[in-house]
Amino acid sequence: MKTLIQAGMIFQDSEFQTRDILLNDGIIAQIGPHIDPTQADQIIAASGQTVLPGLVDVHVHFRDPGQTDKETVKTGSEASAHGGYTTVCAMPNVTPVPNTPDKLKQMINYNDEQGVISVKQFAPVTYDECGYQLVDFDGMKKAGAVAFSNDGVGIQTAKTMYDAMTAIAKTGLPLAAHVEDHALMNGGVMNEGSASNKLGLRGAPEVAETSQLARDLELARVTGVHYHVCHVSTARSVELIRRAKADGVNVTAEVTPHHLLLDHSMIQADDPMYKMNPPLRTRKDRAELLAGLLDGTIDMIATDHAPHTSADKGHSFNDAAFGITGIETAFPLLYTQLVKTKKVTLSQLLKWMSSAPTAKFNLSNENEIKIGNHANFSVWDLNDPHQIATKNMKSKSHNSPFLGDQVDAKNLMTFANGKLVYQDQ
């Protein structure tokens with residue numbers, strides 16, 4: 001089967017050019033200004049549209065197994081395809097946690113069977129993501145783990161983290177850390193500051209993040225592990241990471257779309273759609289997160305896609321679960337609010353959402369648009385104003401503060417591993 005995608009604006013070799021793409025059984029066979037259409041079995045007209053490389057997210061929660069009322073690998077991967085993603089890395093805080101290589105291998109096989117895109121799998125650092133008992137790191141790597149993380153639970157003791165880093169360094173895989181000192185969180189449900197005081201809600205201080213981050217950066221310096229900081233949220237964290245990189249620490253970092261686009265001043269009521277961990281911080285923090293991306297301190301954007309049912313989110317900050325969905329809205333929001341406003345370029349955004357996570361996590365480079373690769377790309381209309389609405393979402397959950405926001409980018413289709421896995425209806 002030969003498919004010709006005709007006259008799209010292609011992002012290739014760090015620049016945009018109007019090109020045709022010919023797929024032969026899902027593999028990119030030709031790229032050129034004018035490919036003979038008579039050799040194609042199917043023609044997709046892409047004039048006026050933009051063909052982007054597959055997006056990559058190293059931090060998603062698909063809740064499968066054990067929490068499938070919120071999401072499944074199938075629905076999560078379909079939502080990812082809708083968002084233009086062709087590779088994601090799923091966190092291990094599921095039920096049960098994959099504590100052994102055999103259980104992890106079963107999850108990886110299940111991801112391959114159920115996912116419409118490539119769904120890579122994290123392994124936990126400790127059994128059940130709690131306590132001090134470390135998992136079999138070498139066995140997990142052999143089973144196919146992409147990295148290790150106790151995401152959702154900060155590792156509380158320095159000795160446990162030190163021992164984990166020492167062992168994980170030998171595998172060569174990243175250790176992705178949710179940095180949070182439980183004692184310093186003080187039961188906070190949003191950022192400690194003017195907004196929490198106004199709403200009468202308990203605040204979480206930034207030092208709950210920065211104190212553990214400072215500890216971990218020193219441990220990473222000593223052990224040499226590839227230490228990856230999940231969902232950086234404060235200006236001080238950015239500065240700590242910047243200094244560590246200058247000192248030669250092997251550290252990478254991610255920031256979420258919601259921490260780039262929202263801050264606690266925007267929380268005008270007790271609305272659990274704004275409840276996430278780490279919480280939304282100040283306007284200054286938000287500005288420094290973008291500055292950290294621009295100067296290379298923060299390496300990539302990851303969604304921390306965290307689906308919850310309506311019951312989970314409840315009716316109040318105090319009772320609701322932490323987390324929001326993000327895999328379907330990330331690119332449209334960031335394109336609209338950062339690229340269209342000329343705060344960043346589209347090339348920069350694609351670096352943070354595709355090539356950088358691919359390189360830093362040693363993933364397959366098949367999401368590049370080049371001859372010989374499987375088709376892993378999406379076709380977008382970047383001038384289609386519309387509102388974010390639940391009726392268009394593929395995720396099982398719709399817990400997002402961005403519902404109703406207007407965006408200018410609409411995904412028309414996504415190819416993953418050579419197959420058409422999403423098409424706008």
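## Overall fold and annotated site

Of the 425 residues in the protein chain, 59% count as buried, where buried means under 20% relative accessible area, exposed over 50% and partly exposed in between, with a 1.4 Å probe and protein chains only. The model is a predicted one, in which local features need pLDDT of at least 70 and side-chain atom pairs count only at pLDDT 80 or more, while totals for chains, interfaces and linings use all residues. Residues are numbered from 1 along each chain as its sequence is written, and side-chain values use heavy atoms, with hydrogens and water left out.

The protein chain holds 13 helices and 20 strands, these being DSSP runs numbered from the N terminus (helices H or I, at least four residues; strands E, at least two). Its radius of gyration is 21 Å, close to the 22 Å that the globule rule gives for 425 residues, so the protein chain is as compact as a globular protein of that length; the radius is taken over C-alpha atoms, and the rule is 2.2 Å times the number of residues to the power 0.38. Along the principal axes, the C-alpha trace of the protein chain spans about 65 × 50 × 45 Å. Among contacts in the protein chain with a separation of 6 or more, 73% come from residues 24 or more positions apart, a contact meaning heavy atoms within 4.5 Å.

The unreviewed UniProt entry carries a "binding site" annotation that covers His59, His61, Asp151 and Asp304. These residues span 246 residues in sequence, yet no two of their C-alpha atoms are more than 9.8 Å apart, so they gather at one spot.

His61 lies in the loop between strand E6 (55-60) and helix H1 (73-82), whereas Asp304 lies in the loop between strand E15 (300-301) and helix H11 (310-313). Not counting residues up to four places away in sequence, His61 touches Met91, Asn93, Asp151, Asp304, His305, Ala306 and Pro307, and on that basis the residues touched by Asp304 include His59, His231, Thr256 and Asn277. The side chain of His61 makes a polar contact of 3.0 Å with that of Asp151, and the side chains of Asp304 and His61 are joined by a polar contact of 3.0 Å. A polar contact is a pair of N or O atoms within 3.5 Å; within protein, one must be able to donate a hydrogen and the other to accept it, and residues adjacent in sequence count only if both atoms are side-chain atoms.

| Residue | Relative accessible area |
|---|---|
| His61 | 3% |
| Asp304 | 10% |
| Cys89 | 0% |
| Cys230 | 0% |

With a disulfide taken as a pair of cysteine sulfur atoms within 2.5 Å, the count comes to zero disulfides. Cys89 is in no disulfide, and the nearest cysteine sulfur, that of Cys230, is 11 Å away, which is too far for a bond.

Terms used:
UniProt positions renumbered as here; feature names shortened; annotations may be inferred.
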